[in-house]
Amino acid sequence: MNDFADWFSPIIVKELRQGMRSRAFLLIFLAIQFFMIVCVIGSLGDGSHEAAAGFFWTFIGAAILFAMPLRGLAALNGEMKGNTLELMLLTQLSAWRITAGKWLALVLQTLLLVCAVLPYVVLRYFLGGVNLVDDLVLLGLLLIGSALATALAIGFSGFMQSLVGRIGIGVLFFAGFYLVPLLLFNISRRGGTSPSVSSWLAAAAVLGPLLVLELFELGVGKIAPSAENHCTRKRLIAASLLAASILLGRALHEPAFLLILGGIAAAPICLGALVEETPFVPSLYLPFLRRGLPGRAFGRLFYPGWASGLWFVLLAIAATLWAAPFSWTDTSTAFRVAALLETLFVPLAIVRLCFRRAANLFPFYLGLQLMLFVTAVTLSANFNLHDPHLIWAGCVPTLGLFLHLWDYSALDQMALWAALLALLGFFALFLLSLKEWKTIAAMEREAAKLNL
Amino acid sequence: MSEPLVKVRNLTRRFGTLQAVQGISFDIDPGQVVGFIGANGAGKTTTMRMMATLDVPTSGSISIGGRDVLNFPNEVRRLIGWMPDAYGTYENMTALEYLDFYARAFGFGSKERQERIGEVMEFTNLASICTRPMNQLSKGMAQRLCLGRTLLHDPPFLILDEPAAGLDPQARIEFKHLVRLLAQEGKTLFISSHILSELGEMCDTMLFIDTGRIVHYGSAESLRTGGLDGAGALVEVRVAGSPEPLLQWVAMVPGVALAEATRQGARLRVEADAPESLATILRQMIHDGLAVTEFHKEERRLEDAFVDILHKVGGHGPH
């Protein structure tokens with residue numbers, strides 16, 4: 001109960017108290033000490049510097065980049081499971097402070113591990129064969145990487161409670177580890193060059209902090225009371241990610257690479273915006289109404305709920321397409337865009353029409369998308385999709401995207417059909433959203449009364 | 001008459017097709033201790049969670065201290081203390097650290113915090129266990145700790161969801177004592193339970209809920225002494241030997257009906273509850289040769305009142 005702790009947020013104090021006494025932290029700490037001693041002893045022998053250095057960095061990397069961030073997966077999930085989260089939310093701690101505090105506490109514990117490693121780094125320097133500055137820079141980079149990985153784990157930890165959430169995270173990891181490198185490889189192959197190191201560093205410096213904020217908001221949105229609006233902030237982050245990637249892409253002459261990175265980073269928020277429920281809480285509309293007509297206009301894209309989310313996503317896609325270095329005279333590009341829009345809107349329209357009374361549409365949307373994805377994989381593996389008789393396959397959401405990966409020759413007709421289906425899906429969603437807008441108008445009227 | 005502290009109006013909560021709370025309305029005055037009674041799944045916790053700003057009503061409104069719960073949740077949170085039916089404990093944390101964390105989270109400064117924690121620990125008698133890890137506390141101790149956390153910011157309105165569930169008899173007595181002390185301090189309490197006898201001893205007002213609807217709201221005293229709403233009184237009779245002759249006698253005598261057969265006699269529903277009428281019935285029993293060993297008019301049990309009310313509104317009995 002010392003006064004020093006008063007300088008920190010209550011959640012950081014609590015997390016540090018708990019975290020540093022936890023078995024996981026103690027085990028990692030002791031294991032690091034043990035292996036560091038082994039490595040230093042290993043360095044004493046002649047000619048074993050290389051092997052010892054490999055062992056040294058592999059172990060530190062595993063502890064800092066993997067073991068410590070992994071603890072973040074239980075951060076919000078543990079509070080939800082333990083029935084302790086709501087009690088915290090009834091205090092002066094907001095969902096954002098809780099999430100950020102948990103992240104910072106974990107990063108501070110990782111920093112403590114890094115500090116514990118420092119004497120061994122210096123010792124290795126005195127034993128020879130080591131560049132101290134390089135080692136310290138590498139240690140700093142590991143710490144930054146660990147902070148990002150911890151944000152990822154904490155952001156997703158709110159979704160770990162349900163099976164659907166775990167499947168969703170699995171899909172995202174699959175996308176992260178398999179599809180993203182595939183896409184980047186595809187782009188660099190087409191461009192003839194791969195992205196430069198400076199592009200990677202610039203992307204990390206600009207998009208990295210925004211990505212951390214996005215991950216925080218994903219966690220915050222999951223734990224915040226339903227009468228709070230976190231949709232607007234999420235969408236602002238997504239818009240910033242897209243804008244930053246467009247501007248940076250132009251400045252670095254790597255528009256495709258950065259647009260893909262920005263697009264992938266903004267995708268979870270955009271998908272969420274399409275399935276958000278409209279909250280019936282008039283006070284949420286007050287901040288918009290207080291800014292008069294511009295505020296209301298801003299609300300058409302940033303009000304909480306899927307009705308405004310639909311327009312936000314459409315605008316985000318339009319901005320991305322405008323900035324993309326596509327040649328619009330190329331039929332394959334037109335097909336690619338049409339197939340993407342179709343894959344986004346048609347399953348959503350189906351889900352919205354079939355499960356109108358469902359409280360949360362996301363599991364249904366995710367389920368249908370997964371089903372279509374598996375169907376597409378199975379069909380593309382077992383059939384010759386270049387057969388002209390299978391032209392209809394291009395109109396099936398998701399499958400169309402697969403067809404494009406292999407340069408299909410008869411894309412012009414398919415592009416038309418896919419575009420028509422995408423338009424139909426969007427129109428159905430637009431009609432369904434009119435009822436939501438009616439409710440929003442009523443909420444605006446109620447909010448105006450509160451303002452008085 | 002003072003302004004009600006809590007106003008609930010046409011409150012509704014739907015979960016998909018399930019209507020958990022169906023347009024309920026009630027007021028709670030400052031200083032009132034209200035028992036919220038209903039079977040499992042009747043809508044008690046859902047209602048309380050909406051009052052505690054943790055859930056959003058489908059329609060209707062709740063105002064606490066003149067502030068709307070939905071539109072001004074932060075202001076309302078300062079006025080309420082919420083003690084849920086299931087609350088978690090933390091690993092690697094002592095009881096004192098638990099209270100310290102929440103006191104920090106409620107925004108208390110260093111000195112103020114230590115004073116407040118001291119007061120709460122004294123009130124809930126937690127001082128002796130303050131250094132014990134949370135996961136080693138008994139259910140009763142943990143319940144007192146949870147109540148202590150609820151009281152840290154000194155809220156005028158306490159919402160306690162099934163506070164005595166799972167407690168042993170000693171812990172129950174201690175808990176009831178704490179509730180009485182809080183009531184004496186002028187706190188307004190809203191306590192839910194499905195064990196009526198427990199609430200009967202703590203509350204001055206009873207709010208019955210069944211399948212999301214309020215079926216009764218009135219003082220506990222009126223329920224106990226209010227008889228059978230014009231249907232007379234309940235009399236417990238015990239006889240020496242078999243109760244069979246008593247049951248046969250009841251079947252023949254007008255104005256007396258069997259409420260419940262017991263091992264040593266019966267509980268009777270008597271139409272006329274004036275003392276003279278009861279004396280006449282007793283005299284007749286003895287005259288007819290019944291070996292009466294005990295005869296007394298009983299206060300109405302809250303369980304009976306609840307069942308009667310449910311029958312009256314066409315609901316079903318408690319689960």
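**Note on a predicted two-chain model**

1. Leu189 of chain B touches Val33(B), Val34(B), Leu158(B), Leu160(B), Val179(B), Leu182(B) and Ala183(B), leaving aside residues up to four places away in sequence.

2. Leu189(B) belongs to the largest nonpolar core, which has 186 residues; together with Ala338(A), Ala418(A) and Ile159(B), Leu189(B) touches the most other members. Helix H11 of chain A, residues 255-275, gives this core its largest share, 13 residues. Another core, of 11 residues, lies apart from it and includes Val239(B), Val256(B), Met285(B) and Leu290(B). As background, nonpolar side chains in soluble globular proteins tend to be buried together.

3. Where does Val33(B) find its bridge partner in S8(B)? The partner is Leu189(B). The two strands concerned, S3 (residues 33-37) and S8 (residues 188-193) of chain B, pair in the parallel sense over five bridges.

4. These strands are part of an open sheet of six strands in chain B, with the order S6-S7-S8-S3-S9-S10 and mixed pairing. Strand S6 (80-83) and strand S10 (213-219) of chain B are the edge strands, each pairing on one side only. From one strand to the next, the twist averages 15°.

5. Strand S7 of chain B has parallel partners in S6(B) and S8(B): four bridges join S6(B) and S7(B), and five bridges join S7(B) to S8(B). Individual pairs can be located in the model. Gly81(B) stands opposite Leu158(B) in S7(B), and Ile159(B) has Phe190(B) as its bridge partner in S8(B).

6. Why is S7(B) described as largely enclosed by the rest of the structure? The reason is that five of the five residues of S7(B) are buried. Both of its faces are covered: Phe157(B), Ile159(B) and Asp161(B) are buried on one side, and Leu158(B) and Leu160(B) on the other.

7. Helix H5 of chain B (residues 139-151) packs on the sheet, where it touches S6 and strand S7 (157-161) of chain B; the direction of H5(B) makes about 160° with that of S6(B). H5(B) has 13 residues, and the distance from its first C-alpha to its last is 18 Å, close to the 18 Å expected at 1.5 Å a residue.

8. H5(B) is mostly covered, with 11 of its 13 residues buried.

9. The contact between the chains takes 30 residues from chain B and 32 residues from chain A. Helix H2 (73-79), helix H3 (95-105) and helix H4 (110-123) of chain B each supply at least two residues of the side of chain B that touches chain A. The largest share of that side, six residues, comes from H3(B). By class, the side of chain B that touches chain A has 16 nonpolar, nine polar and five charged residues.

10. Chain A has 18 helices and zero strands. Of its 452 residues, 39% are buried. Among contacts in chain A between residues at least 6 apart in sequence, 75% join residues at least 24 apart.

Key: Residues are numbered from 1 along each chain as its sequence is written. Chains are lettered from A and ligands numbered from 1 in the order in which they are written. This is a predicted model: local features need pLDDT of at least 70, side-chain atom pairs count only at pLDDT 80 or more; totals for chains, interfaces and linings use all residues. Two strands pair if DSSP finds at least two bridges between them. Axes are lines fitted to C-alpha atoms, for helices over the stretch in contact, and angles run from 0 to 180 degrees between N-to-C directions. Two residues are in contact if their C-beta atoms, placed from the backbone, lie within 7 Å. Ala, Val, Leu, Ile, Met, Phe, Trp, Tyr, Cys and Pro count as nonpolar, Asp, Glu, Lys and Arg as charged, and the others, Gly among them, as polar. The expected span of a helix is 1.5 Å times one less than its number of residues. A residue is buried if 20 or more other C-beta atoms lie within 10 Å of its own, exposed if 12 or fewer, and partly exposed in between; C-beta atoms are placed from the backbone. A nonpolar core is a set of buried Ala, Val, Leu, Ile, Met, Phe, Trp, Tyr and Cys residues joined through C-beta atoms within 7 Å.
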